[in-house]
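Subject: Handover of the two-chain model

Hello,

Here is the structure I promised to pass on. Please open it first, then read my notes below.

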Amino acid sequence: MSASTSGTSAPAAASRKSLKAFSEDVWKNKTAKINAELFTLTYGSIVSQLCTDYERDFTRVNNQLYSMGYNIGVRLIEDFLARTALPRCDSLAKTSEVISKCAFKVFLNVTPQIGNWSSNKDSFSIFLEENPLSDFVELPMDAARELWYSNIVCGVLKGALEMVQMDCDVWFVSDVLKGDQLTEVRVKLNRILKDEIPAGED
Amino acid sequence: MAIYSFWIFDKHCNCIFDREWTLKSNHASGTINSKLNEDTAKLLYGMVFSLRSISQKLAGQGPHNEIRTIATGKYRAHVLCTASGLWFILLSDLKRENLSEVLRYLYGEIYIKTVVHNWLSPIDFAESEAEKRGRGTRKIRNRNFLQRVEEFLGPMIN
């Protein structure tokens with residue numbers, strides 16, 4: 001019996017520049033484009049409908065957006081992997097790079113900055129300078145206190161990372177819609193989940 | 001040149017799809033999601049699992065080292081492992097050297113479009129703890145999926 005193996009199946013090598021060029025290529029050639037305004041307005045109508053349904057109980061709206069995002073994330077990751085053919089990341093630094101340069105680029109055509117690393121390198125922040133979800137949005141007074149308008153993004157990240165065996169907490173720290181200086185999403189890695197092995201093998 | 005069978009395993013070590021062709025002359029011959037193939041599926045899983053862990057150990061700290069093909073005296077197994085833990089495996093005769101494009105198409109254009117983008121289909125086929133770790137028996141039964149697999153792989157079986 002003989003076996004053959006391969007290195008990374010994607011052209012994305014370790015260097016920063018090539019991941020960027022690679023994502024650019026995936027976005028240009030392998031992604032169907034839609035009108036961003038249609039997307040923004042669709043998301044707006046979802047949030048507004050949820051606010052009505054939950055009688056402006058914004059904690060519940062946040063939770064609902066998060067769980068909708070989670071359900072999207074667990075499916076979106078497959079789409080992402082099929083398009084990019086990237087292997088698992090060997091460090092959180094690599095993960096953060098793939099998220100900002102590749103995932104956000106491919107799905108939303110933005111490249112947020114990564115920063116604010118914790119000292120033990122288990123959490124980082126994503127700074128969304130442009131956020132296509134919240135274009136045209138101004139929060140009314142009552143919502144500005146509690147509503148995290150783009151909370152679906154946290155759910156998507158949570159779900160997608162979980163599917164590649166990374167158990168993370170993802171939450172909003174600040175949002176320009178609330179009058180903050182920056183829009184900051186925090187990602188904290190709790191643990192790497194173990195791959196399953198068949199029963200009776202351990 | 002011939003393709004003998006096609007298998008999908010999920011991250012719970014379960015076989016979630018199998019298709020085996022028996023007659024070269026007949027695209028429709030053979031079995032789909034057959035109970036009789038359960039043991040074969042387990043053996044195939046074990047073979048890929050072992051060789052995969054060997055190849056990853058031998059790669060050391062370097063870049064990922066995923067198994068691509070395994071050739072025996074009689075057949076060749078082509079393997080695609082995704083970061084999300086899905087395995088796509090095609091068994092072919094020895095003349096087929098590289099089917100990685102075919103596997104990528106099965107994943108990106110067929111599995112994604114008919115299972116992942118289909119919100120009425122589950123993507124996690126284990127519904128409880130008791131169905132994880134290779135003990136589940138649920139299969140992909142989406143009509144569109146089955147049809148597109150037949151259309152795509154049928155012409156390649158002989």
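In which sense do β4(B) and strand β5 of chain B pair, and over how many bridges? They pair in the antiparallel sense, over 3 bridges. Keep in mind that this is a predicted model.

Chain B, the hairpin

β4(B) covers residues 66–71, and β5(B) covers residues 76–81. A hairpin of 4 residues joins the two strands. Look for B:A71, which stands opposite B:R76 in β5(B). β4(B) is mostly covered: 5 of its 6 residues are buried.

Chain B, helix α3

Next, go to helix α3 of chain B, residues 143–153. Its buried residues are B:F145, B:V149 and B:L153. Seen down the axis of α3(B), they fall within an arc of 35 degrees, so they line one face of the helix. The face turned away from that buried side carries B:R143 and B:E151, both exposed.

Chain A has an open sheet of 4 strands. The order is β2-β3-β5-β4, and the pairing is antiparallel. β2 (113–115) and β4 (166–174) of chain A are the edge strands, so named because each pairs on one side only. On average, neighbouring strands of this sheet are turned by 25 degrees against each other, direction ignored. β4(A) pairs with β5(A), residues 184–192, in the antiparallel sense over 8 bridges. Within that pair, A:D167 stands opposite A:R191 in β5(A).

Now find helix α4 of chain A, residues 92–108. α4(A) lies across β2, β3 (123–127), β4 and β5 of chain A. Its direction is at about 15 degrees to β3(A).

Where the chains meet

Chain B gives 38 residues to the contact, and chain A gives 28 residues. The area buried between them is about 2,900 Å². Carbon and sulfur atoms give 56% of that area. Which three residues supply more than any other three of the area that chain B buries against chain A? They are B:H64, B:A83 and B:R133, with 24%. How many salt bridges does the rule find across the interface? It finds 0 between chain B and chain A.

Over to you.

Best wishes

Technical notes:
Residues numbered from 1 in each chain as written. Chains lettered and ligands numbered in written order. Predicted model: local features only at pLDDT ≥ 70, side-chain atom pairs only at ≥ 80, totals over all residues. Heavy atoms only, no water. Pairing = 2+ DSSP bridges. Axes fitted to C-alpha atoms, helices over the stretch in contact; angles between N-to-C directions. Contact = heavy atoms within 4.5 Å. Buried < 20%, exposed > 50% of the residue type's maximum accessible area, 1.4 Å probe, protein only. Arc of directions from axis to C-beta. Buried area = accessible area lost by both parts, 1.4 Å probe. Salt bridge = Lys/Arg side-chain N within 4 Å of Asp/Glu carboxyl O.
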